[in-house]
Amino acid sequence: MRDLLPYLKLYRKHWFGLTLGMVLALATLFASIGLLTLSGWFLSASAVAALTIARETFNYMLPGAFVRGFAIGRTAGRWGERVVSHNATFKLLTDLRIFFFSKLAPLIPGRVSGIRDADLLNRLIADIDAMDHVYLRLISPIIVGAFGIVGLTVFVCWFDMTLGLTLGGILLLMLLSWPVLFYKLGKRNGHDLTQNKAQFRITTLDWLQGHTELTLFGAEKGYRDAIFAAQDKLLQNQYVNAHFGGLAQALLLLVNGWTLALIMWLSADGVGGHPPDPFIAMMAFATMASFELLMPIAGAFQYLGQTLTSARRLNEVILSEPDVRFSQTPTEHSGEYSIEFEQVEFAYSDESAPVLTNIDLAIAPKQQVAILGQTGSGKSTLMQLLTRYWDPQQGQIRIAGKPLTEWSESQLRQAISVVSQRVDILNGSLRDNLLMARPDASDDTLSEVLASVGLEKLLDKPGLDTWLGDGGRQLSGGEKRRIGIARALLHNAPILLLDEPTEGLDKQTEQQIMALFEQHFVGKTVLFITHRLVNLEKMDAICLIEQGEIVEFGSHQQLTEQRGRYFELTQTLV
Ligand code: ATP
Ligand code: MG
């Protein structure tokens, strides 16, 4: 149960709506029980009165008015309760989603890289939805039930102590035992159901996302079968669930029937020591109606297993500590954007071998450095350390003389423009995809930048409104890369990090982009990862990385004269 604590704490903010919901539920319950109880008494009392002298004096107006009042009260109460409690739970869910998201965001990418996208989506949607059961299905019915039992017991005791205590005792026993019984019964199935639901979504999304590839390799059927297998398991869980639900209702009715027989037997000789009279009918109807307050909890507790599993799945995320923590206050720095790596060592996990070791690198402000190295040598990782995608296990990285840990997140993002190796296109218009880099840019600026990276073609109708991403216009690899470059140009930060920006572009476009860079590099500190040995003589320095270590650093001229690895590379590629 402790797993639910972080979520229960969120209830505090909505206490008013949630409590009002319960008060209205209680009022509805009383109206409902009152209606049946009073009607039972009224009908039999009228019948008895009609047969006796009392027909002259029997006041049927007052009970009649109460019956009507209870009926209206029950309808109005139920309506009010639904509106108030659902409103409160929706608000609660909104808060929950925001709360979960705010905990999730700092964990990306380090802590959640082990969780699949589909699984994360499932946690964000289904598992959070399961949390609203806690109030609607568990807490509210139990509290309302407890108050209802006390009220009803007092009411019946007023007429007859034995009957009141018997009925109250049975109801209380049910209220305490039913949840435990059905929680235990449904626990395992509920746990499996939550896991299988997640599995079903994961397999479906896998199949959907990889459909083209799977079809091409003839592997589509296997993945489709995995969906069916997951679906079968889920259906089986739901089937068991429905059975438990039915069982809970059936057993409750059975107990209700036996209790009714008991109460009638106890009251057969008269209620409260009086000779038999219409109060017997009232007691019988009160007993029948009283089980209404147990109805909501009959099958609800079999869902507790599901809810707890969901809570645990959410806790895996929200209780994780982020690997990277940004300073809350911006740092004071010189404004001269130098970059220094000092004895940096980094491994992706504690178990794996370091990807970067002994990195010592000093880049002066406005210096332009090319980074070369074989694939997998750690170039992109080096850049990701600068953006604090990850933090190094050892050593320190400084920008403008200040350790990265002292920079606030927005300050660091302002200072760095990145063209990453894999450019992500968001599901949105072309305009949205560019504005993320500079939200205040005008359409004219956007068009200008697009033209400068050679994407005039995208400006044809519908132009900046063109929908990109899933369900929109698909872009070629080269076009995506140019969108990435356009974003970096728009962002226009003093430090520019480029991860193979011209990969996948033809020679002519590459020249065009390089010329554009030359224009933009001016006055900026630049780190330029490339596999292509073009224009390197124009860079201030070249840094050669091999297997996670810097093996050569110097200008094109120096390294060529040194006749080391760089020289060999230029020779083999010429
Ligand atoms: P390329 O030229 O192919 O882009 P790179 O020099 O940029 O290569 P990195 O992407 O930095 O290479 O990767 C360095 C090493 O770290 C590789 O062996 C890679 O498999 C590993 N690696 C990269 N990202 C991760 C990750 N998220 N988790 C674990 N290992 C990773
Ligand atoms: Mg790379």
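Let's start at one loop: Ala364 sits between strand 2 (356–363) and strand 3 (368–373). The model around this residue is a predicted one, and its protein chain contains 18 helices and twelve strands. The radius of gyration is 36 Å, well over the 25 Å that the globule rule gives for 574 residues, so the chain is more spread out than a compact globule.

- Ala364 is partly exposed, as its relative accessible area is 37%.
- Beyond its neighbours within four places in sequence, Ala364 makes contact with Tyr337, Ser338 and Thr525.
- Val526 lies 162 residues away from Ala364 in sequence, yet their C-alpha atoms are 9.9 Å apart in space.

**A helix residue, Gln411**
- Gln411 belongs to helix 12, which covers residues 409–415.
- Is Gln411 buried or exposed? Gln411 is buried, because its relative accessible area of 15% falls under the 20% cut-off.
- Setting aside residues up to four places away in sequence, Gln411 touches Pro330, Thr331 and His333.

**The annotated span**
- The UniProt record, an unreviewed entry, places the feature "domain: ABC transmembrane type-1" at residues 20–313.
- In the model, residues 20–313 are 84% helix and 0% strand.

**Overall dimensions and packing**
- Along the principal axes, the C-alpha atoms of the protein chain fill a box of roughly 125 × 55 × 50 Å.
- Of the 574 residues in the protein chain, 46% are buried.
- How many of the contacts between residues at least 6 apart in sequence join residues at least 24 apart? In the protein chain, the share is 76%.

Notes: Residues numbered from 1 in each chain as written. Chains lettered and ligands numbered in written order. Predicted model: local features only at pLDDT ≥ 70, side-chain atom pairs only at ≥ 80, totals over all residues. Heavy atoms only, no water. Helix = DSSP H or I, 4+ residues; strand = E, 2+ residues; numbered from the N terminus. Rg over C-alpha atoms; globule rule 2.2 N^0.38 Å. Buried < 20%, exposed > 50% of the residue type's maximum accessible area, 1.4 Å probe, protein only. Contact = heavy atoms within 4.5 Å. UniProt positions renumbered as here; feature names shortened; annotations may be inferred.
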